[in-house]
Amino acid sequence: MPETENKTRILLVDDEKNITDSLTVNLEATGRFVVKATNDPLKTVETALAFEPDVILLDVVMPKMDGGDVQRAVRAESRLKQIPIILVTALLSNEEVGDGSREAGGDYMLAKPVRLPVLVKLIDRLVTEGAS
Amino acid sequence: MISEQPAKVLMVDDYHLNRLILERSLKRAGYEVTSARDGAEALEFLKLTDEKSSRPSFDVIVLDIMMPGIDGTEVLERTRKKYPPEILPIIMATAKDESDDVVHALSLGANDYITKPIDIPVLLARIEVHVTLRRTHLALQIAQATLVEAAKMESIGRMAAGVAHEVKNPLYVLQMGVDFFEMTLSESDAATQKTLHNMQNAIDRADTIIRSMVDFSRTEELKLVKSDLHELIHQSIPLVQHEIRARQITLELELPENMPRVTIDKTKIQQVLINLLANACHAMEDGGTLRVRTSHFDPAALDKEERSHQIQVIRNFRQGLLLEVIDEGTGIPEEHMMKLFDAFFTSKPAGLGTGLGLAVTKTIIDLHGGFIELLNNEDRGASARIYLDVEGPRESGESQQANPPT
């Protein structure tokens with residue numbers, strides 16, 4: 001069994017390459033995640049179908065298609081609609097979203113700048129909940 | 001016709017009979033009159049050298065030109081150095097054939113003139129014209145300031161969302177960098193740890209500023225709950241305890257026991273408390289006593305004469321609550337008074353204040369239908385006074401005249 005099969009698969013969607021690169025490095029450095037990123041929100045569904053992520057981390061404000069649109073597109077695809085989505089927003093503060101437990105339409109929110117331990121904890125929780 | 005409170009007239013004439021006649025006529029017409037027998041006395045009444053007062057004590061001056069000693073022209077010149085014609089109208093009284101004097105006085109900023117012997121009905125009509133003009137001017141000034149402030153708020157609101165996004169993305173990248181090094185350099189030396197710690201502080205600080213801008217741009221929604229204000233005060237103090245201790249400030253709470261529960265947005269009022277307490281601490285670098293006091297007042301019993309704008313707001317309260325934060329700090333310089341609540345105005349050194357604290361505070365109090373003022377204390381330091389309606393802000397449809405002023 002290849003090593004990656006035990007790891008949680010994360011799809012990152014953010015129009016800023018800086019952000020997806022840093023997140024990829026950080027998440028992979030924990031040794032527990034396999035990360036795929038796209039900087040083009042229009043390619044989210046296509047990438048997700050090919051990559052089959054366990055969790056999608058989605059920026060809210062993006063050109064062309066915002067987080068809400070992407071979320072709807074993902075939900076509209078039967079093979080993807082069960083995947084938990086974490087929305088990452090610059091428009092709320094950490095105090096307001098707490099540790100991501102605040103649900104927005106069945107999904108989860110984190111405020112930029114996200115601390116890595118907070119993110120990892122939320123991902124773990126979502127994966128555990130999804131498995132149970 | 002005299003509206004609102006009686007206008008205050010300062011009448012300056014060296015001839016006692018003139019003073020007597022004019023004083024009686026003006027009083028009968030409903031004015032409040034102060035008479036001065038010469039230029040020196042007039043200047044005394046005008047308190048031009050009192051830097052604390054930015055508003056004149058009179059609404060209009062009737063000023064005789066020809067007087068022994070300091071004459072009318074000199075009083076006019078000195079008065080104009082402080083108060084422009086639209087703030088303090090001056091009507092010159094002059095002998096019949098002295099057109100040169102009249103022209104000279106008008107060029108020095110007199111608003112009008114009347115010839116002697118004074119025709120009382122004409123004088124009354126002129127005074128009324130100038131009182132009305134002055135009030136209209138003040139109303140316009142307030143309206144303009146309100147519009148400018150509203151426009152500024154709106155543009156800040158629009159900007160805040162954009163800036164938040166643009167700044168938070170790079171911050172996010174920096175945060176990831178710090179987190180990465182913290183994870184991978186677990187055995188790092190003290191200097192590296194210190195550097196990472198400083199970087200984290202810088203990120204947190206930038207994030208705080210962005211957050212207060214976003215807060216500022218969407219203060220409109222309130223979550224109103226009947227709350228124990230004293231409990232909220234007790235909960236807020238630990239959050240500024242560091243500031244208090246660092247300056248060896250003595251904190252005194254004067255919180256009477258029978259205070260009713262107040263309808264407020266607790267989070268927002270706590271934000272106000274923290275802002276005011278922190279500001280007070282920052283003004284008391286040399287320590288002193290910081291007092292927080294609450295009291296109850298009857299809105300209907302307020303003195304009508306004073307400060308008409310806020311009284312209008314407060315008199316509509318059903319039950320009045322006054323919250324005071326009184327410091328013994330450096331006080332507020334007169335030139336800052338008008339700008340205290342302006343967004344991005346700060347008197348603190350660069351990096352220490354966002355210039356949004358008091359602007360946010362005022363917005364929050366306004367949303368609660370309350371009133372806030374900052375003033376210098378008689379002896380030393382400054383006070384913040386917040387007037388709130390115990391029953392919370394009125395619904396927008398609710399009549400503001402439920403308790404009409406008597």
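Asp69(A) and Arg72(A) sit three residues apart, about one turn of the helix, and both belong to helix α3 (residues 67–75) of chain A. Helices (H or I, at least four residues) and strands (E, at least two) are DSSP runs, numbered from the N terminus. This is a predicted model, in which local features need pLDDT of at least 70 and side-chain atom pairs count only at pLDDT 80 or more, while totals for chains, interfaces and linings use all residues. Residues are numbered from 1 along each chain as its sequence is written, chains are lettered from A and ligands numbered from 1 in the order in which they are written, and side-chain values use heavy atoms, with hydrogens and water left out.

**Salt bridges**

Over all chains the structure holds 28 salt bridges, each defined as a side-chain nitrogen of Lys or Arg within 4 Å of a carboxyl oxygen of Asp or Glu. Four of them are listed below.

| Pair | N to O distance |
|---|---|
| Asp69(A) and Arg72(A) | 2.8 Å |
| Asp59(B) and Arg134(B) | 2.7 Å |
| Glu254(B) and Arg293(B) | 3.7 Å |
| Arg115(A) and Glu182(B) | 3.3 Å |

Accessibility is classed as buried (under 20% relative accessible area), exposed (over 50%) or partly exposed (in between), with a 1.4 Å probe and protein chains only. In the chain A pair, Asp69(A) is partly exposed at 31%, and Arg72(A) is exposed at 55%.

The side chains of Asp59(B) and Arg134(B) also meet in a salt bridge. This pair links distant parts of the chain, 75 residues apart: Asp59(B) is in the loop between α2 (39–46) and β3 (60–64) of chain B, and Arg134(B) is in helix α5 of chain B. Both partners count as buried, Asp59(B) at 14% relative accessibility and Arg134(B) at 6%.

A further salt bridge joins Glu254(B) and Arg293(B). Glu254(B) lies in strand β7 (residues 249–254) of chain B and Arg293(B) in strand β9 (residues 288–297) of chain B, so the pair ties together parts 39 residues apart in sequence. Glu254(B) is partly exposed at 30%, as is Arg293(B) at 25%. Through shared partners, salt bridges join Glu254(B), Arg291(B), Arg293(B), Glu324(B), Glu373(B) and Arg385(B) into one network.

**Interface of chains A and B**

Contact (heavy atoms within 4.5 Å) involves 20 residues of chain B and 26 residues of chain A. The two chains bury about 2,100 Å² between them, 61% of it on carbon and sulfur atoms; buried area is the accessible area (1.4 Å probe) that two parts lose on being put together, summed over both. His165(B), Tyr172(B) and Met176(B) supply 31% of the area that chain B buries against chain A, more than any other three residues.

The rule finds two salt bridges across this interface. Arg115(A) forms one with Glu182(B). On the side of chain B that touches chain A, α5 (120–184) and α6 (190–217) each supply at least two residues. The largest share, 14 residues, comes from α5(B).

**Helix α3 of chain B**

In helix α3 (residues 72–82) of chain B, the residues Gly72(B), Thr73(B), Val75(B), Leu76(B), Thr79(B) and Arg80(B) are buried. They cover an arc of only 160° around the axis, which puts them on the same side of α3(B); the arc is that of the directions from the helix axis to the C-beta atoms. The buried residues of α3(B) pack against α2, β3, β4 (90–94) and α4 (99–107) of chain B.
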